[in-house]
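Hello,

Here is the structure we talked about. Please open it and keep it beside this email as you read.

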Amino acid sequence: YRLSASLDERTYAACGGHLQDLLCQECSPYAAHLYDAEDPSTPVRTIPGLCQDYCVRAWRSCRSIFRALSPDPEVIALENNMAKLCRYLSLEDTDYCFPHLLANQNLNQNLGLVTADAEGCLQLCLVEVANGLRNPVAMVHANDGTHRFFIAEQVGLVWTYLPDGSRLEKPFLNISEAVLTSPWEGDERGFLGIVFHPKFKFNGKVYVYYSVEVHYEERIRISEFRISPADMNALDHGSERIILEIEEPASNHNGGELLFGYDEYLYIFTGDGGMAGDPFGTFGNAQNKSTLLGKVLRIDVNNNDRGPLYRIPPDNPFLSDPTARPEVYAYGVRNMWRCSFDRGEPHTKEGKGRLFCGDVGQNKYEEIDIVEKGKNYGWRAREGFSCYDKTLCTNSSMDDVLPIYAYPHKMGKSVTGGYVYRGCESPNLNGLYIFGDFMSGRLMSLKEDRATGEWQYSEICMGTGQTCMFPGLINNYYQYIISFAEDEAGELYFMSTGVPSATAPKGVVYKVVDTSRRAPPGKCRVEPLPVKVKSKRIPFVPKEAFILKTPTPHPRLRTTTEAPRRRIPDPNTPRRPAVDGVGQGNRVRTRTTPAPGGRAPEPGKGGEKTGQRRRKKPPGNGAVRLMRQGRRGRGRGRVEVFIDGEWGTVCDDGWGLPAAAVVCRQLGFPYAARATKKAEFGEGTSLRILLDDVQCSGQERTLLECSHADVGTHNCSHEEDAGVVCSREEVTDW
C-alpha cells in the first residue's frame, strides 16, 4: 500500500499487478533462490530474479516500479537501459526465474516436503543457542509473553535466558544441595523436570521433579515454588511446598517428566522403580495400579493455597477401582523419558492435546507411545511390539495399547521423546514428530499417514553441501541427546552433551532449522514483553562451528510402523547407577595410569629375533586380550581374561572407565577411550563368563586385583559382555 500510494491512478492501473507480483515473491517457497540468499558469498537481491521476457514486459510499461522496489543504486542507474537492466535482474538458471518457476511441475510437486538425501534422510540444520551446561535435562518457557526460556541442569540449577540469547548470572532456582545425584556417567538421579503453571503470569507457580535422599531412603519429589516478589527472574527458595514424594526402590528408572495438559491438570511420569525387568511383586510395579511407580499420574494443583496440596480430577479413570490409586491416569510404563502435548495444526488445531512419550526399553526395543486416559501400555508383559514376560503377554485380560513406533537396540538404546513440530519458521516440518536416541545420538522423525493412521519413519541427518552454509547455522551436535524442548513461539530445540555426567559442563542447546523452506519474512516476528533484570547479563558466545566434511551417516531404519526396537543398558546393582534416562555409556576418553616403572610397553615389542620360532608360553593369570568378529582386535574389542588355565569373558555390571584403563594398560595403550557394554563387540558364547561385578580404581595391574565376584560366579549373560576402546593419544572430546 505504501508503494502503490506513490503511483498515480493511470500508472497504478497498468503496474499494480507487477508491483504485487514482485512483492509477493518474498513469500514464495523459492524466495531464498529468487533473492540469491542461498549463496552466502553473494549479496541478497532486492528484487527477485526475473525471467527475461517478463522483465522486458514490465520495463516497457512500468519501468518506474523498479526504482520504487529497490534502493540498489545499480538498478536506479540502469533504469533507462532495458537490455542492461534486465540482464542485471535476470537469473542464470531460467528454470528458477520468476514467473517461469510457477509453471514448472518438477519444482512445485515437492513443495511441502523437507529436503532429503538419496537414502531419504531428512536434511536439517542447527543453531547453537546455549553451551557450557551440565547435563541440561529440560528447557521450558513461562508462556507469559516474555519469550524467556529456562534451562535446568541435572545438578539442580535452573538458568534464565533472555530473548537476546544472554543468560542471567543469578540462577532462577538452585536446589543443588538437596538434589541427589553423582558425577558417575549415566546416573539417572538428579533434577529431572520443571514446568510452569498455565496461569504462572497470575499465580507465579512453578513445579519441579527431583531425586532426594530422606533418612537413607531414595525418593522422587514433586515440589511447588513461587516466583520471588522481588525478582521476576528468580524463584523464592523459601516457598517450596512438597506436593508428592514416592519411594524409589532402586537408583534407576526415575521418570522425570512434568507437564500441564490443556485441561490445566498436572501430569507426572514415573519410572517402574528400577533394576531390570520390573521385578517388584507378582506382576511388577507398572501393572500394579495400587502403586504410583510405572505410571502416568494426573492431579489437580489449582487453587491449592488452602486445603489439600492437590486434588483428584473428577474424570480420572480409576476412581471407582478400590485397588487402584486415584492419581493413576495410565499404567504399564517402564521409564518414559520426555513427553509432550501436541499444540495442534496451526490453522485447524487438528491433533491438539495428543500426548506423545518415549518409553525406554529393556533388552531389545525402544518405543514411542500416544498416551490416553485409562490405557495400559504393556510393560512388563510387552517391550515394544514383542513379548517380554511371556506369561503376562499371553494373558487375554491385558488389553494393552501398542506403541505407534518401535525400533531395535542396534539402532539406539535409550529413546528421548520429542515434539510434534508446530512452529512458524520451518513450515515443511509441520506435523512431524521429531525425537532422538540418547545412546546412538540418532535424530528421528515420524509422520502420520492420515488415511491409514500409521506413522512413517524418516531419519534426520545434518545438512550436506550448501544446505547449512548460512551465517549462524551448523551441521553437527554432541552425541548424547538428553531432551527436547519448544520455545514460546513453538520452535523446536534439543539438548545434548559430549560427556554424560551431571558435573561435566559439556551440554549444548540447539535450535532445529529447515532451510528447504523458510516462512515469509516478518511472519514469525515476535514482540517479547519487557523483562525487569536485576542480575548481570552474560552474553552468549557460540562455540560450535559448521563442518564442511559430512559426518558418516547412521545405518537407516526401516520405514515401517512395526519396526524392531532397541535396548538400553540396565544394571542390576545400584552401587554405580547407570541406566536409561539422562546418561549412559562411557564416551569420555580417560588417561590410564602408566604401569609401575615408567612407560607402558608397546605391543609387539619383545626380545626375540625376527624369524625365530618358539613355543608359546601360556599366558599368566589375569592376562587379557581383545576380540572382535572372531579375531584379535587391535586396541578395541570384547575383553577376554585368562584365569586358572582358561579364557573367559567379563560381565558389564559395574564396568566403567577405571576397569577399561586397567585392560588398556595391560595391552600397552596409555589411554582408555571408552568402556563398552551390552556385547558391543559381539558375544563370546564359546567361553565361560569368568568375572562379574568388576570395580576398579584404575591403579590395579590386572582385573584380578580389582573388586569382583568369585571367579565363574555371575548373574548375567553373554548379551552383557564388556569391551574397551583403547588409544595412544589423549582426546578429551569424543
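**Salt bridges**

Start with Asp 305 and Lys 205, whose side chains meet in a salt bridge, 2.9 Å from N to O. The two residues come from distant parts of the chain, 100 residues apart. Lys 205 sits in strand E8. Asp 305 is in the loop between strand E13 and strand E14. Keep in mind that this is a predicted model.

Is Lys 205 buried or exposed? Buried means under 20% relative accessible area. Lys 205 has 4%, so it counts as buried.

How many salt bridges does the whole structure hold? The search finds 36. Here are two further examples.

Glu 245 pairs with Arg 219, and their closest N and O atoms are 2.6 Å apart. Glu 245 belongs to strand E10 and Arg 219 to strand E9, so the bridge ties together parts 26 residues apart in sequence. Glu 245 is partly exposed, at 26% relative accessible area.

Arg 298 and Asp 263 also form a salt bridge, at 2.8 Å from N to O. Arg 298 is in strand E13, while Asp 263 is in the loop between strand E11 and strand E12. They are 35 residues apart. Arg 298 is buried, because its relative accessibility is 3%. Asp 263 is partly exposed, at 30%.

Some bridges share partners. Lys 205, Glu 224, Arg 226, Arg 241 and Asp 305 are joined this way into one network.

**Disulfides**

There are eleven disulfides in the structure.

Cys 55 is joined to Cys 86, with 2.2 Å from S to S. Cys 55 lies in helix H3 and Cys 86 in helix H6, 31 residues apart. Their link is left-handed, with -90 degrees about the S-S bond. Both cysteines, Cys 55 and Cys 86, are buried.

Next, the sulfur atoms of Cys 121 and Cys 461 are 1.8 Å apart. This link is right-handed, at 100 degrees. Cys 121 is in the loop between helix H7 and strand E1, and Cys 461 is in strand E24, so the pair ties together parts 340 residues apart in sequence. Cys 121 and Cys 461 are both buried.

Last, find Cys 339 and Cys 357, joined at 2.2 Å from S to S. The torsion about their S-S bond is about 120 degrees, so this disulfide is right-handed. Cys 339 is in strand E15 and Cys 357 in strand E16, 18 residues apart. Cys 339 and Cys 357 are both buried.

Best wishes

Technical notes. Residues are numbered from 1 along each chain as its sequence is written. This is a predicted model: local features need pLDDT of at least 70, side-chain atom pairs count only at pLDDT 80 or more; totals for chains, interfaces and linings use all residues. Side-chain values use heavy atoms; hydrogens and water are left out. A salt bridge is a side-chain nitrogen of Lys or Arg within 4 Å of a carboxyl oxygen of Asp or Glu. Helices (H or I, at least four residues) and strands (E, at least two) are DSSP runs, numbered from the N terminus. Buried means under 20% relative accessible area, exposed over 50%, partly exposed in between (1.4 Å probe, protein chains only). A disulfide is a pair of cysteine sulfur atoms within 2.5 Å.
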